[in-house]
Amino acid sequence: MKQEHFRAWEFAAFSAVTLAALCLCVCVGSVNISLKDTLLVLKNAVAGLPQGNATASTILLSVRLPRVLCVALSGASLALCGAAMQGLLKNPLADSSTLGVSSGAALGAVVAIAFGIQLPALPIAGTMGTAIVFAFASMLGILALAYKLDYSLSTNTIILIGVVFSMFVSSAMSVVITFAADKVQQITFWTMGSLQGSSYFNAAVLGVTLLLCGGVILLQSRELNAFAVGEDTANHIGVHVRRTKLLVLIAVSVLIGVCVSIGGTIAFVGLITPHGVRLLVGPNHKRLLPASCFSGMIFLLLADLIARTILKPVELPIGVVTSFIGAVVFVLIFYRARKG
Amino acid sequence: MLEVKDLSVRYGQHTILDRVGFSVREGQWLMIVGPNGAGKSTALSAISQTAPYTGKILLGGRDSAKWKPAARAKYVGVLTQNHHVGYSFSVGEVVKLGRYAHSAGMFSAKNSDDAQAVERALEITGLTAQQGQNVLTLSGGELQRVFLAQVFAQNPKLLLLDEPTNHLDLVYQKQIFSLVSQWLKQPGRAVVSVVHDLSLARAYGSHALLLHQGRCVSQGEAKSVLRAENLNAVYQMDVPAWMQGLFAQWQGE
């Protein structure tokens, strides 16, 4: 029988590749900084020593490091949510956007940008705060409607409500944009996904949310295995089906709400990463979920690196890069699956 | 082991089951038979708490609705007729899921009983050599054996079978019924199954419940329930004559 949990060497291998991607993304950019200088800046910053190279330290500590942290945490979150949703709904085309919460969060952010909404205590977090509020409201609305229509929260009901809600939000966003013609470019750039200008505050919020919600999802690995085999199976072997669904849906909603509020709608990470990882480690969620976290980090870090450097000094939205790569990879996986 | 009192299931204005009652004791194999739409599968769904119902369903003397899902799964195992596995799990992984209700949690130490139960279930169903095989590559009959192994690994006291050999060829029909028959020989066990094949019901069932349009027509020992007058009245045809006609084609060969 296949090994159920991550082996130590697998964990070490994924960690090493992730660390290498992190180092690469911190060192490379519009201005390249050597690994030695990078490590020196980080060491001085941790030890509280004065920085020898002011330019390098400003670029690394104020711009690149918070951004790279946000990219890595967003990648891990999106991939983890995608893997969880694909297992829960037994649908390989499901991802975090299936639920419609990411659309809700996007609407919140668009409203904040269009009408210049700011939080009095945290002026920098206006978009983020509004997006999180909208994400929560969307989640509550979607789950309440799903409960009202179908007490058992069947998979089809959730998917249907998610799709309908996303369409509704898309129309609402068009209306908002109509009233904020001067901010169309900013809104368009945001909706394509970008982690430009991320802060340590953003990274901390993402980190804490991933720790809490990711922990909840990881603890449901066995239940997700049962759902991935079939909801009937889950019912018959003793899984508390409704409780598990609610737990996973709430954890995914919160995590996605925070991700979208910080980085916009970054497509394909939650869809494509679990597909690729499943080919590597199999469908067992005890291995799939942690492997998806690592792979999501690596994928998004490299996508962000490409977005920053391919047309430098012009920067592409990260969502454009993930969509290009994701679409090609998806076709390749589909082709391979069809051809056996 | 199982007592059902005044079981009714309604979807809107449509009554699927109307005040049906029966009981199953240790060592019994109850065959639920009847034409399409009689409410056979709905009765099993109600017992496994996957259909809304009114009335009482007692498992081991306790109200089934009040059991926690994991505790109920230790008492009742269910084998349905169709399985659509979502991803490429191995045979061993699917069978191991049967131990879900017995494992204390994700952080508990490895339970040797789990491994033994899975090994035994694989062995009984003849799947030991295939435990690493991808379930998506199996035929319908092989897949049904995998899910039977899962139920055996679950080690319930009461086994519910919902038309377990539908769409399966004769070899697999014989295998599945023989395996369940062997399983039932252990003390403290009972089986309730829904079948369409009246010959199988008669051959393997100790007791039978004949349903028609959601109501109980007859119940008791299989031989007394599956009699010509009962069956003819429910199926609106001469059932024994039809079956004897079928068998007559094989005589003299």
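User: How many residues does the contact take from chain A and from chain B?

Analyst: This is a predicted model, in which local features need pLDDT of at least 70 and side-chain atom pairs count only at pLDDT 80 or more, while totals for chains, interfaces and linings use all residues. Residues are numbered from 1 along each chain as its sequence is written, chains are lettered from A and ligands numbered from 1 in the order in which they are written, and side-chain values use heavy atoms, with hydrogens and water left out. With contact taken as heavy atoms within 4.5 Å, the count is 27 residues from chain A and 31 residues from chain B.

User: Which element gives the most residues to the side of chain A that touches chain B?

Analyst: Between them the two chains bury about 2,600 Å², 65% of it on carbon and sulfur atoms, where buried area is the accessible area (1.4 Å probe) lost on putting two parts together, summed over both. The elements of chain A giving two or more residues to this side are α3 (54–88), α9 (221–229) and α10 (231–237), helices being DSSP runs of H or I with at least four residues and strands runs of E with at least two, numbered from the N terminus. The most, seven residues, comes from α9(A).

User: How many salt bridges are there between chain A and chain B?

Analyst: A salt bridge here is a side-chain nitrogen of Lys or Arg within 4 Å of a carboxyl oxygen of Asp or Glu. The structure holds eleven of them over all chains, yet the count between chain A and chain B is zero.

User: Which residue forms a salt bridge with A:R67, and which helix holds that partner?

Analyst: The closest N and O atoms of A:R67 and A:D304 are 2.7 Å apart, and both residues are buried, that is, under 20% relative accessible area, with exposed meaning over 50% and partly exposed in between (1.4 Å probe, protein chains only). Because A:R67 lies in helix α3 of chain A and its partner in another named helix, the pair ties together parts that are 237 residues apart in sequence. The partner is A:D304, in helix α13 (residues 285–309) of chain A.

User: In the salt bridge of B:R215 with B:D18, which residue is buried?

Analyst: The closest N and O atoms of this pair are 2.9 Å apart, and the pair links strand β10 (residues 215–221) with strand β2 (residues 14–24) of chain B, 197 residues apart. At 47% relative accessibility B:R215 counts as partly exposed, whereas the buried residue, at 13%, is B:D18.
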